[in-house]
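Please go through the structure shown below with this report at hand. The report starts with one residue and then moves to other parts of the chain.

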Amino acid sequence: MTDTLIPNGCKTNGPVENGYFKKGCNPFAQTGRSKLQNKRALLNQQIIKQMRMRAGAENLLKATSNNKVREQVVLELSYVNSDLQLLMEQLEGLNSSVEVYQNVQETSSIPLIPLGLKETKDVDFSVPLKDFILEHYSEDGSNFQDQIDDLMDLRQACRTPSRNSSGVDLLSNYYSQLSFLETRFFSPTRQLGIFFTWYDSFTGMPVCQQNVSLEKASILFNMAALYSQIGTRADRQTQAGLEDAIAAFQKSAGVLHFLKETFTHTPSYDMSPAMLSMLIRMMLAQAQECMFEQITLPGIRNEFFGLLKMAQEAAKVGETYSHVHQSMIQTPIKNNVPFFWTTMSHLKTNHYNSLAHYFVSTALLDHQLTPSDDEDKQEKALSQLYDAMPEGRSPLDILKNKEDRRRIGKAHLQRSIMGHEEAIRTHSHCRHLQKLDILSDILQASLKRSLTKFDQNDKEDEFTDYMLAPDIISKTEKKAEMEIPAATKVKVTDLFHRLGPLSVFSAKQRWSAPRTVRLRLQDRDLGFTLKGDVPVQIQSLDPLCPAAAEGLREGDYIVAVGDTECKWLGVSDVMKLLKDVDEEGVNIRVVSMMDSSSQPMPTKSATYCGGLPKTYSMICLAHDEDDKNPKSRKVAKKPSFLSWGLKNKKSSSTLSLPTADYNGPWNRSSYPNSFNESALY
């Protein structure tokens with residue numbers, strides 16, 4: 001979608017349901033979501049264009065000593081910085097456009113926040129894979145053109161997944177194929193020449209690597225984003241829809257957790273551990289919110305114990321959103337997360353805490369302890385509501401004293417009113433929140449309900465100061481938990497199955513070119529035995545047999561007997577092919593495993609950002625003190641950027657996260673003045 005944008009009004013050449021596109025993908029669908037993705041793609045390209053202009057201007061500023069030229073370059077840099085800031089604001093606006101992701105039938109639910117899909121550029125696997133197949137596996141790469149085309153079609157389809165289970169299956173299938181691809185073709189001792197480019201979901205900054213781990217991590221991020229969009233789209237006015245939303249958000253959190261634990265040094269900031277931790281909290285908070293809505297969907301009975309239960313459930317939702325908000329306002333996350341997200345989490349914290357206080361006030365004001373009530377049960381329920389009882393009173397004294405119940409109830413109403421007023425103020429401070437009319441209606445209705453309840457219990461002659469109601473202990477019967485979906489471990493058929501068993505024929509092993517050996521019987525014996533699973537190996541070779549004279553060696557793998565491929569045949573199957581050998585003999589093809597330990601590691605790095613001589617540190621790196629004095633600066637060799645990826649591997653990270661003095665993605669001081677030329681490719 002980054003390179004090929006579908007114009008409005010473009011029609012398909014054939015029906016999608018007839019199989020023209022892969023299942024789970026329709027690039028021609030002109031939905032509001034797809035239009036947002038198209039805008040995101042355009043913004044990504046405009047951002048990288050401005051970054052290249054900025055890099056060129058910075059280099060010119062370093063190279064020239066002409067004062068007039070320097071003044072003009074400084075002026076141009078100010079224009080570029082302004083353009084970048086505007087583009088950044090537009091990208092933030094796209095991440096704040098949550099209304100297009102909501103269910104079209106929603107009329108009374110607070111909108112939820114989905115994640116946007118990461119954008120990527122086209123990748124041509126054809127030439128590199130065919131060259132590698134010829135060089136490494138000694139087979140004609142053109143014989144695998146159909147499989148390469150299928151792989152490229154699958155990747156292209158993953159750029160426009162449908163917002164349902166078919167779209168998730170599409171991404172999971174490609175993710176599983178990448179594991180096969182990594183083992184088959186990506187050798188630790190050489191570069192394949194395939195560059196994967198992905199754009200940061202929040203900043204639009206590109207990251208390019210030859211390491212397939214970037215591709216796998218980005219697909220997982222998009223899988224989590226797709227789950228969040230499925231949860232946002234669910235019909236939350238039905239029990240089934242709420243179940244779907246809860247499951248989707250929990251799976252989204254599970255995929256993000258899997259991504260965080262599996263790929264520990266991702267060079268893209270949207271997949272950094274701090275950002276992923278915040279996103280996990282946000283997904284679980286939205287799942288908890290849907291659980292609360294599931295409880296309230298049948299209606300809330302005006303009953304003492306039920307109201308106290310709902311108060312603690314609402315307090316649990318407010319608590320989870322409070323944790324999300326605290327994560328969002330931490331440096332450097334606050335500089336990259338949309339302001340809409342931060343204000344929405346703060347708004348929901350106040351809203352649900354206010355609901356909790358309203359439910360407690362209703363329980364105390366509308367219900368009095370009667371002889372027929374279970375006194376011990378009510379006392380226990382009230383004692384579990386607070387960490388410390390109001391004014392040090394015992395729960396039973398409060399329940400029995402009508403005036404105390406009224407005072408404490410009004411105190412809870414006051415906190416409810418104050419919380420909703422704060423939520424409405426927060427709503428008015430964000431222009432993206434102001435577009436959500438349903439959110440404004442819900443907040444106004446909640447405030448009006450609390451004010452009405454307060455007026456009903458207010459006395460004209462009462463001039464005493466009201467007490468401050470204590471916080472309510474959060475409690476829930478069903479806590480939102482991360483759920484790692486089976487989609488992250490789906491089984492697929494290896495597209496390059498014909499190359500042989502993956503445990504033997506992989507990129508880590510080096511092979512000799514296939515040799516043809518003529519087998520002839522000598523005293524009704526071939527002169528060797530076979531061992532192994534698939535493929536079979538030569539063992540107990542008689543050095544004086546005709547096969548040894550033809551060049552057969554101990555440990556050789558038989559890959560063909562005559563015209564029959566044997567890479568996937570066991571000992572019994574190969575013996576059946578060899579038992580009919582006559583005096584003329586039969587040709588077999590064998591390969592020998594070579595020592596791969598002598599190959600040196602490449603010295604060049606494979607990471608760059610948008611063609612610039614920098615890594616993702618364009619956002620994440622800060623000035624080094626030594627950079628202020630170029631003469632005294634030591635040039636240190638950069639570690640290979642190919643070493644990032646899987647957890648528990650001893651590798652150096654390509655990511656330097658922003659420091660505490662980070663002042664924003666376009667802050668001039670967040671870019672290094674120098675770079676190592678060896679980092680370019």
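## Thr-426 in helix H13

Thr-426 is found in helix H13, which spans residues 402-429; helices (H or I, at least four residues) and strands (E, at least two) are DSSP runs numbered from the N terminus. Thr-426 is buried, with a relative accessible area of 5%. Buried means under 20% relative accessible area, exposed over 50%, and partly exposed in between, with a 1.4 Å probe and protein chains only. Leaving aside neighbours within four places in sequence, Thr-426 is in contact (heavy atoms within 4.5 Å) with Thr-343, His-346, Leu-347 and Leu-433.

This is a predicted model, in which local features need pLDDT of at least 70 and side-chain atom pairs count only at pLDDT 80 or more, while totals for chains, interfaces and linings use all residues. Residues are numbered from 1 along each chain as its sequence is written, and side-chain values use heavy atoms, with hydrogens and water left out.

## The chain as a whole

The secondary structure of the protein chain comes to 18 helices and 10 strands. Of the 681 residues in the protein chain, 52% are buried. Among contacts between residues at least 6 apart in sequence, 78% join residues at least 24 apart.

## Ser-228 in helix H6

Helix H6 (residues 212-233) holds Ser-228. Ser-228 is buried, at a relative accessible area of 0%. Not counting residues up to four places away in sequence, Ser-228 touches Pro-114, Leu-115, Phe-249, Ser-252 and Met-283. The C-alpha atoms of Ser-228 and Ala-248 are separated by 6.2 Å, and these two residues are 20 residues apart along the chain.

## Two helix pairs

The axes of H10 (residues 339-366) and H15 (residues 437-456) come within 11 Å and cross at roughly 30°. Axes are lines fitted to C-alpha atoms, for helices over the stretch in contact, and angles run from 0 to 180 degrees between N-to-C directions. H10 and H15 are therefore roughly parallel to each other; angles under 35 degrees count as roughly parallel, over 145 as roughly antiparallel, 65 to 115 as roughly perpendicular and the rest as oblique. Residues making the contact include Leu-347, His-351 and Tyr-358 of H10 and Ile-442, Ser-446 and Arg-449 of H15.

The axes of H4 (residues 145-157) and H5 (residues 165-185) come within 9 Å and cross at roughly 135°. H4 and H5 are therefore oblique to each other. The contact is made by Leu-151, Leu-154, Arg-155 and Ala-157 of H4 and Leu-170, Asn-173, Tyr-174, Gln-177 and Leu-181 of H5.

## Cis peptide bonds and positive phi

The peptide bond from Thr-331 to Pro-332 is cis, with omega near 5°. Pro-332 lies in the loop between helix H9 (304-328) and H10. A cis peptide bond also joins Val-534 and Pro-535, where omega is about -10°. Pro-535 is in the loop between strand S5 (529-531) and strand S6 (537-539).

Ser-138 is not a glycine but has a positive phi of about 55°. This serine, Ser-138, is in the loop between helix H3 (126-136) and H4, and is partly exposed, with a relative accessible area of 27%. Ser-540 has a phi near 50°, a positive value in a residue other than glycine. Ser-540 lies in the loop between S6 and helix H16 (546-549) and counts as partly exposed at 49% relative accessibility.
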